[in-house]
Amino acid sequence: MQQVIFKDLGLIDYKESWDYQEKLFNDIIQKKMLNRDLSLENQFPPLHYLLFCEHPHVYTLGKSGSEDNLLIDEQGLNTNQATFYRINRGGDITYHGPGQIVGYPIFDLDHFFTDIHKYLRFLEESIILTLADYGIKAGRINGMTGVWLDEDNPAKARKICAFGVRCSRWVTMHGFAFNVNSDLSYFGNIIPCGITDKAVTSLEKELGHKMDMDEVKEKLKAYLCSLFEMELITEIKNSTYVR
């Protein structure tokens with residue numbers, strides 16, 4: 001069972017969290033490369049992180065996306081007190097904001113499984129299982145990454161969780177955005193994930209009341225631990241992890 005350092009960063013500026021992810025991501029890759037030339041007893045042990053956070057209003061565009069899917073200009077961003085970033089994950093445009101659980105797993109998949117599709121399916125499944133705890137049936141749509149409600153009915157299908165990841169040398173970063181108490185009006189300023197014919201929803205909208213974010217996080221963490229067969233810790237005591 002892999003140990004994963006868990007950190008809840010709270011409400012944090014998007015660029016600040018991105019820089020932090022990059023630091024952890026690059027550190028893991030650097031240690032993996034160094035391990036190639038070290039004897040087994042001197043190698044750096046595997047290191048993994050799971051970050052939870054919320055962001056002030058921000059739109060992010062993946063490397064395969066089109067800026068045409070952002071429907072407001074600089075003035076519109078200022079009016080909505082929102083920012084915009086082109087970033088190095090897959091996928092198109094999405095929105096992050098308060099009331100959304102944003103998860104950034106920075107895992108070395110060499111110590112889990114080297115299958116990015118399985119990785120994404122496990123992330124999706126953790127959301128699906130969390131929703132089931134609240135009596136909401138969710139699923140997937142073929143060819144569309146994410147978690148959907150009424151996925152079998154094209155006229156009613158709506159996304160509750162978006163995904164966009166980066167993976168290099170089997171180390172992951174970026175992750176998922178789970179709409180819990182999100183202000184859904186902000187999605188009106190974009191074509192979410194470049195999909196024109198599907199709506200977006202939240203746990204609050206589906207159940208008709210504000211959700212306890214900490215409760216939802218705990219359920220989600222438990223399912224992630226079960227699916228990935230991992231243990232969340234707050235820090236690693238072994239000094240060999242800090243170099």
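In the predicted model, aspartate 108 touches Ile28, Lys32, Leu47, His48, Arg169, Trp170 and Val171, residues up to four places away in sequence being left out of the list. Aspartate 108 is placed in the loop that runs between β6 (100-106) and α3, and at a relative accessibility of 3% it counts as buried, since the limit for that class lies under 20%. One of the residues touched by aspartate 108 is Trp170, which belongs to the loop between β9 and β10 (171-179). Tryptophan 170 has a phi near 65°, a positive value in a residue other than glycine, and with 32% relative accessibility it is classed as partly exposed.

A positive phi is also found at glutamate 229, where the angle is about 50° although the residue is not a glycine. Glutamate 229 lies in the loop between α5 and β12 (230-233), and its relative accessibility of 57% places it among the exposed residues.

Helix α5 (residues 213-228) itself packs with helix α3 (residues 116-133), the two axes being 9 Å apart and making an angle of about 140°. The arrangement of α3 relative to α5 is therefore oblique, as the roughly antiparallel class begins only over 145 degrees. The crossing of these two helices, α3 and α5, is right-handed. On the α3 side the contact is formed by Tyr119, Phe122, Leu123, Glu125, Ser126, Ile127, Leu129, Thr130 and Asp133, which meet Val216, Lys219, Leu220, Tyr223, Leu224, Leu227 and Phe228 of α5.

An open sheet of 3 strands shows mixed pairing, in the order β4-β3-β5. The edge positions are taken by β4 (83-86) and β5 (93-96), each of which has a single partner strand, so that one side of each is left without a neighbour in the sheet. On average, and with direction ignored, neighbouring strands of this sheet are turned by 20° against each other. Helix α1 (residues 14-35) packs on the sheet and touches β3, β4 and β5, while its direction makes about 30° with that of β4.

Within this sheet, strand β3 (residues 58-61) pairs with β5 in the antiparallel sense over 4 bridges, and leucine 61 stands opposite isoleucine 93 of β5. Strands β3 and β4, by contrast, run parallel and are joined by 4 bridges, with tyrosine 59 standing opposite phenylalanine 84 in β4. Both faces of β3 are covered, given that Val58 and Thr60 on one side and Tyr59 and Leu61 on the other are all buried.

Aspartate 37 has its place in the loop between α1 and β2 (49-54) and is exposed, with a relative accessible area of 70%. Along the chain, aspartate 37 and leucine 9 are 28 residues apart, and their C-alpha atoms are separated by 35 Å. Lysine 159, found in strand β9 (residues 158-168), is buried, its relative accessible area being 8%.

Note on methods: Residues numbered from 1 in each chain as written. Predicted model: local features only at pLDDT ≥ 70, side-chain atom pairs only at ≥ 80, totals over all residues. Heavy atoms only, no water. Axes fitted to C-alpha atoms, helices over the stretch in contact; angles between N-to-C directions. Parallel < 35°, antiparallel > 145°, perpendicular 65-115°, else oblique. Left-handed = near helix turned anticlockwise from the far one by under 90°. Contact = heavy atoms within 4.5 Å. Pairing = 2+ DSSP bridges. Buried < 20%, exposed > 50% of the residue type's maximum accessible area, 1.4 Å probe, protein only.
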